[in-house]
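Work through the exercises below with the sequence and model open. Try each task before reading its solution.

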Amino acid sequence: MAIVIKSPREIELMKEAGRILALTHEELKKIIRPGISTYEIDRVGEEFIRSFGCIPSFLNYNGYPASICVSVNDEVVHGIPSKDRILQEGDIVSLDAGVIYKGYHSDSARTYGVGQISDKATDLIKVTKESFFEALKVCKEGNHINDISKAVFDYITARGYSAVRDLVGHGVGACLHEAPEIPNFPRLKRGAKLKAGMTLAIEPMINIGTYEVEWLDDDWTVVTADGELSAHYENTVLITEGDPVILSQANGIEL
Ligand code: MF3
Ligand code: CO
């Protein structure tokens with residue numbers, strides 16, 4: 001599948017999708033506390049996205065039953081919100097969300113601590129986020145997808161972590177998942193050359209222990225094979241002739 005180069009008009013629509021998505025994460029960050037259910041997080045997220053007249057990208061995507069993926073502790077991604085899943089002090093929680101604005105998607109994820117968390121968990125969240133920014137440094141025309149993969153991988157492995165291999169980042173635009181795949185580990189081939197107008201969801205999924213993951217019986221929730229913690233950080237990024245632009249951001253909102 002060919003990589004779609006976005007027109008200036010498409011980029012404007014993705015910027016607006018990304019702005020609303022950034023505001024959504026900000027809204028969700030405020031309600032993360034011990035005692036809240038993952039279901040409530042999804043309710044707040046969906047309502048907030050719809051209040052802008054937008055559609056949550058994930059709802060019914062390949063049958064996914066909610067708007068926000070809420071993944072706790074050893075859950076890597078695609079946790080299904082549930083009234084029975086109550087966040088506890090010391091948990092870490094990854095929130096992955098997508099917004100469709102006038103037919104264009106933005107996709108981003110954040111991991112938060114619930115109340116006080118261990119130093120070990122704090123470091124995992126920090127390094128996972130930093131690895132995204134390492135990748136951003138090589139998001140330049142003329143570089144290749146494998147440079148992004150290598151930037152994430154080298155950064156996290158140097159700090160003792162492992163990168164999930166069974167799930168990857170991706171192009172994003174009129175579809176949530178477009179070409180190319182963006183692994184968080186290097187491959188033998190350098191992959192597609194980066195070109196201005198490409199829009200990429202770069203999303204390190206980083207584990208404390210093994211990189212291996214398993215799927216739960218709900219067919220969605222991905223967990224670490226060894227039960228150790230996992231963190232996720234993602235933004236939608238525009239490649240330009242100069243510096244890359246993070247599309248999933250809003251003025252005054254922390255990345
Ligand atoms: N953000 C996820 C990704 O990048 C999408 C969640 S899959 C869904 O692949 F089915 F839940 F939408
Ligand atoms: Co994604």
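**Exercise 1. The open sheet**

In what order do the five strands of the open sheet lie, and is the pairing parallel or antiparallel?

Solution. Start with the ground rules. This is a predicted model: local features need pLDDT of at least 70, side-chain atom pairs count only at pLDDT 80 or more, and totals for chains, interfaces and linings use all residues. Residues are numbered from 1 along each chain as its sequence is written, chains are lettered from A and ligands numbered from 1 in the order in which they are written, and side-chain values use heavy atoms, with hydrogens and water left out.

Step 1. The order is 8-7-9-14-15, and the pairing is antiparallel. Strands (E, at least two residues) and helices (H or I, at least four) are DSSP runs, numbered from the N terminus. Two strands pair if DSSP finds at least two bridges between them.

Step 2. Find the edges. Strand 8 (178-182) and strand 15 (245-246) each have a single partner strand, so one side of each lacks a neighbour in the sheet.

Step 3. Check one pair. Two bridges join strand 14 (residues 235-238) to strand 15 in the antiparallel sense. Within this pair, L238 faces V245 of strand 15.

**Exercise 2. The hairpin**

How many bridges join strand 4 to strand 5?

Solution. Step 1. Ten bridges link strand 4 (residues 92-101) with strand 5, and the two run antiparallel. I100 is opposite H105 of strand 5.

Step 1. Inspect the turn. Two residues separate the strands of this hairpin, and K102 has a positive phi near 45°.

**Exercise 3. The cobalt site**

Which residues are the protein donors of the cobalt ion (ligand 2)?

Solution. Step 1. Apply the cut-off: donors are N, O and S atoms within 2.8 Å of the metal (3.2 Å for Na, K and Ca); water is not among the atoms, so sites may look incomplete.

Step 1. D107 (OD), H170 (NE2), E203 (OE) and E234 (OE) lie 2.1 to 2.2 Å from the cobalt ion.

Step 2. The donor spacing reads D-x62-H-x32-E-x30-E.

**Exercise 4. Salt bridges**

How many salt bridges does a search of the whole structure find?

Solution. Step 1. The search returns 16.

Step 1. Take E16 and R19, at 3.0 Å, N to O. They are three residues apart in helix 1 (residues 8-31), so about one helical turn separates them. E16 is partly exposed at 21% relative accessibility. R19 is partly exposed at 33%.

Step 2. Take E46 and R50, with closest N and O atoms 2.8 Å apart. Both sit in helix 2 (residues 38-50), four residues apart, about one turn. E46 is buried at 12%, whereas R50 is partly exposed at 39%.

Step 3. Look for a network. Salt bridges link E26, K29, K129 and E254.

Note on methods: A salt bridge is a side-chain nitrogen of Lys or Arg within 4 Å of a carboxyl oxygen of Asp or Glu. Buried means under 20% relative accessible area, exposed over 50%, partly exposed in between (1.4 Å probe, protein chains only).
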